[in-house]
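Hi,

Here's the structure I said I'd pass on.

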Amino acid sequence: MSVPSPVILWGPLVPVLIVVGAAMVGILVEAFIRQSAMRRLVQTVLALAATGAAMIVAFLQWAVLKGDGARIAGNYLVSDRQSLAWQAILALFALMGMLLFSSRTQGEDAFTPLASVAPGSTEEALAAKRGFAQTEIFPLGLFAAAGMMLFTMVSDTIVLFVVLEILSLPLYLLVGLARRRRLMSQEAALKYFLMGAFASAIYLFGASLVFGYSAATSYAGIAASIAAGLDRQPMLLAGVALMLVGLLFKLGAVPFHAWTPDVYQGAPTPVTAFMAAATKAAAAAALARLLYLALFGLAWEIAPVLWTVAIATMLLGTVVAIVQTDVKRMLAYSSIAHAGFLLVALTSFRGDALAAVPFYMLAYGLATLGAFAVVSQVRERTPDGALGAEATRLGQWAGLGRRAPWLAAAMALFLLSFAGIPLTAGFIGKFVAFRAAIDAGAWPLVLVAVLASAAAAFFYVRLIVLMFLTPAPPEFDESVEVTNATGPWLVMLVAAAGTILLGVLPSPVLELAHQAAILVP
Amino acid sequence: MNPMNYVILATVLFSVGATAVLLRRNAIIAFMGIELMLNASNLLLVTFARVNGAIAGQVDAFAVLVVAAAEVVVGLAIIIALSRSRQNISLDEPSEMKG
């Protein structure tokens, strides 16, 4: 027996190759450039240029692509309009994420100067004093971004596992690198790692069982064997269920959501912003392709499961977010609720959902990156007057609208977009997602989704009221400080412009999204 | 020999691994449980490669081995960093985060 080696078309892989290449050059930069400030500059430029170039190339490939797309590496990878749309979205999120990574206030970024030493030790203080910087964050972020972009092209269950790890492993490390509250950050990294590795092991076992049933790991082969076999063997059903567990974990859906709040809270805020937007988008893309290409024949069996998960996710995310007192945790539970809204669209098993999901994730991701950029700007002041950790307790945000009107206005815009208020991108996103479900006759699900959205508006509006209508206690003048770093401002600007544009003039982008609603098997 | 025996063995190994992750409170032991789960999947892949006559399954097992090795590097790095700052790696330690 011999294994035929696949013929790889390198052209369609260029956006991913640019990002991977930049990450590898970044590792060499770590080795060869000694001077910390210089290294930092080179890494920043490299990361921003690579993600920007990847986004432009993805657009160009969309423009020159003839037909629907093609398989580009045997049965393992495909490049079609759906995956190109996702790649452009993910490259944009990565670009904005890298901008947040690179931002510094008073010469300090959000990351630890030396990850290998214990938090609070003299070694760490010394490293901070000598201006060390853990610039490996840029290559790590690029590796994760490349993995996410590849994740949207995969059409083979085992390759999906490998790429899932490529995107997850750098994120596990990035989560543990916060400069302040580092014990919490490391604890979040351990939790994320153990639960993430657990979920991907479960996914792999499921994929192996499905391989046993269908003798194929490619989506096309699995779909063919599901279509051919009339009986539903327990091995197939168990395998599919276990595979869904792995992907729903990455999406942060109930009951596999437990990691989300801890990781969002513990991770450095730039990392939270990047992974909240991009990981969820990549997971949604991969889940859509798996469901619609490989498992379409099982739609009747899978739909009830997705219904249950979607309802539980929306309700739990919304209800628990109401009682949160920490901004980052509140946004984490809000992201869980959004995973539920996304699943509402996916349960329809119709082409409309393939147009709705990328648009929804673009709207959600922009608002998320913007909101966390705002979070990174509201800081505590330590008693000796130095700038401290982020002020994430809700109470510390009281009266922010008076002290930093633009910042608070941007945050209000992102919150309204989360809530799905008309004239924001979030409204259009929810509208197209729910309509896809309505067209498939899933109105009970949409009813729950609309009720959950209404309830969720409560805690978004509460924060807006807190920022604009609640007077700040006088001691906050000293203890809470609003900083003005360039990177987060740029991210906020892009996110706010995108949120408004997509909300007011959505038709050009919706038109593109509809063109993207085709999957090449 | 009936190949179904290997499937049963793999399922038992997977369950033992999953139980270790869920019940053991030492981070290293929990991590070993995950490795056991991955290797149970490897056994399944190789078994089904034989049963189905699809050699791709054996190649896939190698891919999984490489991924598992990379995962060990990252996992142990995180566990060592945590053990340096907390002096223990129990998953039962009072948590910094609540809610």
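A quick definition to start: on a 1 Å grid over the protein atoms alone, a cavity is a set of points where a 1.4 Å probe fits but cannot get out, and its lining residues have an atom within 4 Å of a point. This is a predicted model, where local features need pLDDT of at least 70 and side-chain atom pairs count only at pLDDT 80 or more, while totals for chains, interfaces and linings use all residues. Residues are numbered from 1 along each chain as its sequence is written, chains are lettered from A in the order in which they are written, and side-chain values use heavy atoms, without hydrogens and water.

The second largest cavity is lined by residues of chain A, among them Asp352(A), Phe359(A), Arg435(A), Asp439(A) and His514(A). By class, that lining has 7 nonpolar, 1 polar and 3 charged residues (Ala, Val, Leu, Ile, Met, Phe, Trp, Tyr, Cys and Pro count as nonpolar, Asp, Glu, Lys and Arg as charged, the others, Gly among them, as polar).

For the largest cavity, 33 residues form the lining, and the closest to its centre are Ala110(A), Pro268(A), Thr269(A), Pro270(A) and Glu390(A). Its lining splits into 14 nonpolar, 9 polar and 10 charged residues.

Now the interface: 45 residues of chain B are in contact with 44 of chain A (heavy atoms within 4.5 Å). What salt bridge links the side chains of the two chains? Glu187(A) pairs with Arg86(B) at 3.6 Å, N to O (the rule wants a side-chain nitrogen of Lys or Arg within 4 Å of a carboxyl oxygen of Asp or Glu). The rule finds 1 salt bridge across this interface.

Cheers

Key:
On a 1 Å grid over the protein atoms alone, a cavity is a set of points where a 1.4 Å probe fits but cannot get out, and a pocket is an open set with protein on both sides within 12 Å along at least five of seven lines; lining residues have an atom within 4 Å of a point.
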